[in-house]
Amino acid sequence: MRSTLYRNGVIHSRTDPFAEAVLVADGQVAWLGSEDTVHTVLDGVDEVVDLDGALVTPAFVDAHAHVLETGLALEGLDLSAAAGITSLAGALEAVADAARRARAAGSAAPLVGHGWDETRWPEARPPSRNELDRATDGAPVLLSRADGHSAVVSSSFAVVARCQDHAGWSADGLVTGAAHHAAREAARDVDPGRRDRVCRLALGAAAAAGIVSLHEHSAPFVDTREGLALLLAMTADPTSGLPGVVGYRAELCETSDDAHAILAAIPGLAGIGGDLFADGSLGSRTAALRRPYADLDPAGARTSGELTLSAEQVANHVAAVTRAGSQAAFHVIGDRGLDEVLLGFQAASEVEGIEALRAAGHRLEHVEMVDTRALATLVLLGLTASVQPASDAVWGGPDGMYARRLGPSRAAGLNPLADLAGAGVPMAFGSDSPVTPFDPWGAVHAAIAHHEPSQRISARAAFRAHTSGGWRAAHLMHTGAGEIRLGAPASLALWRVESLGVQAPDGRLAAWSTDPRAGTPLLPELGPDLAAPQCLRTLRDGVVIYDTLG
């Protein structure tokens, strides 16, 4: 493997915080040092890259993503506010335009769109089935809500996916629960060539964002076992030119034999769970709450969401996966949902022992509503919180969707990053793409600018949750990934940045000096008035997987 010396930059290394150059050889960090000492390693180097002041950091890990669905969303119709869709009328116009283009191209494939959020529209409601039928002349259409937990479908797509045969079907075309899962399953039924193309599209977008590893959260309604196995095989070797994928499969186990069967069917599987739903989402009003939602659902009813797993099922799954020597993970958002999941974990600990559960390093995905009692249980059982700070950035605040669904008081307690960090709960950051896009620096900024000031954490803590936190959550810290130090894998990202500093939460003391002379590794200064860091190159074990340097 070729060796490359990166010099004349800023290297984010805890072991050498003043380093200005790094040598990559044989897929590892072979040397770190100052510009003044570069001459000692120049001989025999195959390539020298002048960083011209660029920042080199450990590359990011996205701890919660959906590669196939992200690729389909990138190829499909973007109905988000970022794409300029600010009303129901605008969404229907975009759908009609897309349907006309598809007809002109002779395509009979379903029209798939993603990202609509009725809470941001003046009409304050989703499209209806009849409106989609009129806009597209009856074409098959699936439009997923921004949170990925509900969708609207046209009449012809509802027939193809048999949505009417499942709970969660509504005559106006809105699908939740099992009906939504049926719709998602129908949408991902693509031929092998397209599957390969859209997965590569998604992985390329991740690499362009400085992401070197993704935790794929696969489930029967998202992809098949075979599809996940193909994805893991496609990305197993760094020479693939793609980010690595850590695989999780959401299938409920009753016994360790069930767990062993899943592990045997999907070589290299990291864990059994992930998108194993204990409840739904707040945006779709399916997250299970102790008290009802503050607003009414589309039918005019006041609901409390829905539990989709019992404590007994959770306990059996955790025990089975623990005995099989693997890692369990559950999707849980509402406080009632978290109560049930933790009750199940506690029951499993009485059988398997707390130390066995702690050693397994099980994890919870999203875990947005955490009170003091739940926090103590997370700590006791050694659970990892796989969280998405972008959720607060998009839906938090006094005028955001969370406040509409829960009221201002409950909404202010969501995504308690500082509480989790302060209690010592390991955190791993992700995007839940395509729910929010691959944007790790945006997630770091969301964590330091949380709408609730008491829940803000430092840029340093947020960055580590999005780098080494992801490796730790997947039990891969032993590889040395997530750090720039001698012998560590050269999984790095190069960034053009506007300015560097050490950002602490507003109005709070840092546990380290923010004076650059103290040797605290520097990070980009992030803020609404500052340009976002621009990724110049991403390396996976020394292999370039994204490049703008030529």
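**Entry 1: terms and model**

Rings of Phe, Tyr and Trp (for Trp, the six-membered ring) form a pair if their centres lie within 6.5 Å; planes under 30 degrees apart count as stacked, over 60 as edge-to-face and the rest as tilted. I note that this is a predicted model, in which local features need pLDDT of at least 70 and side-chain atom pairs count only at pLDDT 80 or more, while totals for chains, interfaces and linings use all residues. Residues are numbered from 1 along each chain as its sequence is written, and side-chain values use heavy atoms, with hydrogens and water left out.

**Entry 2: confidence**

I looked up pLDDT, the predictor's confidence in each residue, from 0 to 100. The protein averages 95, and 97% of the residues score at least 70. Over residues 507-514 pLDDT stays under 50, and the model has 14 contacts for them beyond four places in sequence; a contact means heavy atoms within 4.5 Å.

**Entry 3: aromatic pairs**

I found nine aromatic pairs in the structure. In one of them, the ring centres of Phe60 and Phe463 are 5.5 Å apart and the planes stand at 75°, so this pair is edge-to-face. Phe60 belongs to strand β7 (residues 60-65) and Phe463 to helix α18 (residues 459-465), so the pair ties together parts that are 403 residues apart in sequence. Helices (H or I, at least four residues) and strands (E, at least two) are DSSP runs, numbered from the N terminus. Both Phe60 and Phe463 are buried, where buried means under 20% relative accessible area, exposed over 50% and partly exposed in between (1.4 Å probe, protein chains only).

I then examined Phe221 and Phe277: their ring centres are 5.4 Å apart with planes at 45°, so the pair is tilted. Phe221 lies in the loop between β13 and α7, and Phe277 in strand β15 (residues 271-277), 56 residues apart. Phe221 has a relative accessible area of 9% and is buried; Phe277, at 13%, is also buried.

I also noted a cluster in which ring pairs link Phe60, Trp441, Phe463 and Trp495.

**Entry 4: helix α7**

Which residues of helix α7 (residues 225-235) are buried? I listed Gly227, Leu228, Leu231, Leu232, Met234 and Thr235. Seen down the axis of α7, the buried residues fall within an arc of 160°, so they line one face of the helix; the arc is that of the directions from the helix axis to the C-beta atoms. Glu226, Leu230 and Ala233 are exposed on the other side of α7. The buried residues of α7 pack against α1 (67-75), α6 (192-208), β13 (211-218), β14 (244-249) and β23 (534-540).
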